[in-house]
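Please keep the sequence and the 3D view at hand while reading.

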Amino acid sequence: MAEGYTLSPEDIRLFLDETLDQLEVLEEEIVKLEGEGHDPRLLQDMFRIAHTVKGSSATVGYSRMSTLAHAMEDVFAAMRDGRLAPRQELVNVLLEAVDGLRGLAAEFDLSSGPDAEGEGRIDVEALVARLAEAASLGAGTYEVRVKFADDTVMPPVRALQVIQALQELGTVAGSRPSIDEIRAEKAGLDLSAVLVLASHVDETEVERKVGEVSDVERVEVRRFQPESRGTEEALAAGGADVSQRDAAALPSTAGDSVGDGGGSPGGSSGREPGGNGGSGSCGESATTDVPRLLGRSQGETIRVGIEAFDRLVRIVSELAIDEARLAEVQRRLAALDGHSEPIEDLEQITAHMSRLTTELQEEIMKARMTPLASLFKRFPRMVRDTAASSGKLVEFVVEGEDTELDRALIEEVADPIIHLLRNAVGHGIEPPDERVRRGKPEKGRVRLAARHVEDRVVIIVEDDGGGIDLVRVRESAVRKGIISPEVAAALSDEEAIELIFQPGFSTASQVNDVSGRGVGLDIVRTNVEKLGGTVRVKTSVGKGTTFALSVPLTLAVFRALLVESCGQEFAVPLSSVVEVTRVPLSEVKPVGQGHAIVLRGKVLPVFDLRDFAGRGNGVMASESGDGTPTECPDRSSGRALVVVARYEDVRVGIIVDSLLGEQEIVIKSLGRLARCARGVLGGAILGDGRVALILDVARVLEKAMGRSHISGSGSEGGNDDRSDYQLQC
Amino acid sequence: MPRVLIVDDAAFMRMRSRKLLEEHGYQVEEAQDGEEAVKKYVETSPDAVLMDITMPVMDGIAALKEIKKRDPHAKVIMCTAVGQQSLVMEAIMAGARDYLLKPFDPDKVLASLKKLVG
């Protein structure tokens, strides 16, 4: 097979990418199978995937991989044929085999080609042996041929009767003519092959059953031989419906097909290479292309490496900045030189360029959007494994996997979700006996759901387990020195539950393999907040816990309201801006540790950006590139300009010196600076080259609401937490 | 003695079928449309039904479906004329066990009944 290795590195990369994609689907299906038992369609698809991987890997000469895939294929065939039940042990072996295939893909060295001698870490032989052992049970697949009497009236109806009779015995995996053809009344006096998967009957019973149909002149029943690859090829083409359509590829007899699909010349795409491995019996030419066609129908995309894509995004971002700068230059020229012709031309050009840049950005952003399914499909396996290792029974429900999110964000939310799911299974859901004692269904339910809410994506991780005991949470926080007993006693339940997000906090009484690794929900919250997101939790003792992650749709570009305070520009995401208003300074009243105003009869916490930006901070000044910081303007006018921003359903007023307008901004990481500046999401380069700080409204709000006695540094309620919000590093 | 319900809107056809079946040891019930067939089926629980496809009031396929609803194991043989293949196909999918072409070949009628009810 090694002589087949004349493929380019690009071919190999495509092969590996595709294989990994397929394995992900396969893993998902194996887990599903365990839950649903015998599902012919599912098994057929699993068989198809194993078959495809086998063929592709053989094509690139990776014999270790094709050997393992072949062994899996046999197991799926046995299950599909009803010879093997998807017991948990078997599922475990299959999942290990999937991991094995993944490991083999990872071992594949692009430069030197496949390591057919098997020096790698994956013990293919052991896996194959276990799979073979698991699959070594009886057979129950029959190939049936029927001839109707010459004077048969309406032979297609008779053919349908035969199929129906066989369906009473088991699963009809395919036939020639196909069921669709028969229903379309295209059938003659011969049913040259029907493949029946019937585990509980013998040949005589199959023959007797078919004989019940009138006008049947002759029935031949033979045990289906797995060696007759032609049939397998036909069946490998797709799910039940598809296989019926393709069943014209069934060989006229089981014995006359040749060879093994693995050795057939695959297309250079590496997709469905086994498609023409069948015998040269009738129907061949019509059907060999079907798998290929099926393969193509979903292939109308090109793969772009994520790095290449990120480069594109970066270039477009730079372009947007230059476009803004160009517009700025044009405005300055217009101010200098009125309406000379070149300047008007420039104006037209910049206007057009601005439209194009916006469009380009929108298209790029759209292309970055990926359905969460790409992430969510990893979880059923994980939840299953976690449940198995912690002795829980869990039904895992996934909803809203079509919801799209920026690709970069999908990667970022993965870890927090994994953490929350593990918590839900490991700590949330009670052991089955305890659930029964509490009058709950033995099987716990964990739900993962995603949906768009305005310009954000909300991801819910919910369990119907024991809930979080807030009394224990308070005790634990005091014991660990996170808060003082007095503070603990004063906390409302809403505030107390926030304690679980504190560093070093863990409610788990024991550290175990599942989730008590000493890193906890504080990491989850920190990670999500880095994305400009939030984590909220609701719990009800005895009923369960719900975590809601809310993240922006995209990180890279958004519209913002530019404001200024003491010469420093800030960008407030426009999606959070509710209104801008002016209030007399005298109405800004101290409330608790912060300030508030009364706006239309409602108390609105406010936050003065000067507390953030002012005080002639040197770091800010050097970043702005034009020398010393501007003096903070005098507020002797006696009025404060307040930008009312909202985060989810909570509002906060931000006192600013002036408004600079709306702009599309591109986030730049501030690197070291950002780590020092809670409340800042990042920086944005403005048209004139200066940097605006993008406000993290959620953080500002938290500050203004005076929640800092929990999230700040001191439990004594001191005033030093303000430093969190200043850029003093 | 196995009992067969003959359903046909033509009295002449019912009479011929009755004669044939009674000669070969079957007990016969009759109905002249689909609606009556459903009613008779429920009342008499015959071992098999010979059902014409084209009938007034309720046609054979509708009657078949009604009977199948009441007794999923009902053994119904559809009687059809040439050119009704798609209707027969529909009937088979709806659970008819066999079909016979009119005019009847007596041997085939008896063979079909024998397979179904012995």
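Lys68(B) is buried (under 20% relative accessible area, where exposed means over 50% and partly exposed lies in between, with a 1.4 Å probe and protein chains only), yet it has no salt bridge. The nearest side chain of opposite charge, that of Asp71(B), is 7.1 Å away. In this account Lys and Arg count as positive and Asp and Glu as negative, while His and the chain ends are not counted. A salt bridge requires a side-chain nitrogen of Lys or Arg within 4 Å of a carboxyl oxygen of Asp or Glu.

The model is predicted, so that local features need pLDDT of at least 70 and side-chain atom pairs count only at pLDDT 80 or more, whereas totals for chains, interfaces and linings use all residues. Residues are numbered from 1 along each chain as its sequence is written, chains are lettered from A and ligands numbered from 1 in the order in which they are written, and side-chain values use heavy atoms, with hydrogens and water left out.

## Chain B

What surrounds Lys68(B), leaving aside its neighbours within four places in sequence? Lys68(B) is in contact (heavy atoms within 4.5 Å) with His73(B), Ala74(B), Ala94(B) and Gly95(B). A polar atom of the Lys68(B) side chain also lies 3.0 Å from the backbone oxygen of Pro72(B). The residue belongs to helix H3 (residues 60-70) of chain B; helices (H or I, at least four residues) and strands (E, at least two) are DSSP runs numbered from the N terminus.

Chain B has five helices and five strands, and from the N terminus on its elements follow the order β-α-β-α-β-α-β-α-β-α. Of the 118 residues in chain B, 48% are buried. Among its contacts between residues at least 6 apart in sequence, 60% join residues at least 24 apart. Chain B exposes about 5,600 Å², of which carbon and sulfur atoms supply 53%; accessible areas come from the Shrake-Rupley method with a 1.4 Å probe, and for residues only the protein chains shown count as cover.

Two loops of chain B carry backbone features. The peptide bond from Lys102(B) to Pro103(B) is cis, with omega near -5 degrees, and Pro103(B) sits in the loop between strand E5 (98-101) and helix H5 (106-117). Ser45(B), although not a glycine, has a positive phi of about 40 degrees. Ser45(B) is placed in the loop between helix H2 (34-44) and strand E3 (48-52), and it counts as partly exposed because its relative accessibility is 43%.

Side chains of opposite charge can pair when their charged atoms come close. Over all chains the structure holds 42 salt bridges.

| Pair | N to O distance |
|---|---|
| Lys377(A) and Glu24(A) | 3.8 Å |
| Glu73(A) and Lys54(A) | 3.1 Å |
| Asp99(A) and Arg102(A) | 3.4 Å |

Lys377(A) and Glu24(A) meet in a salt bridge. Lys377(A) lies in the loop between helix H14 (373-376) and H15, and Glu24(A) in helix H1 (residues 9-36), so the pair ties together parts that are 353 residues apart in sequence. Lys377(A) is partly exposed, at 26% relative accessible area.

Glu73(A) and Lys54(A) also meet in a salt bridge. This pair links helix H3 (residues 63-80), which holds Glu73(A), with helix H2 (residues 40-59), which holds Lys54(A), the two residues being 19 apart. Glu73(A) is buried, with a relative accessible area of 0%, and Lys54(A) is buried as well, at 2%.

Asp99(A) and Arg102(A) are separated by about one helical turn, because they are three residues apart in helix H4 (residues 88-107). Both are partly exposed, Asp99(A) at 34% and Arg102(A) at 26%. Salt bridges that share partners join Glu27(A), Asp99(A), Arg102(A), Arg381(A), Arg384(A) and Asp385(A) into one network.

## Other sites in chain A

Asp215(A) is not a glycine, yet it has a positive phi of about 70 degrees. Asp215(A) is found in the loop between helix H8 (203-211) and strand E4 (216-223), and it is buried, with a relative accessible area of 15%.

Conventions: Polar contact = N/O pair within 3.5 Å; in protein donor to acceptor, adjacent residues only side chain to side chain.
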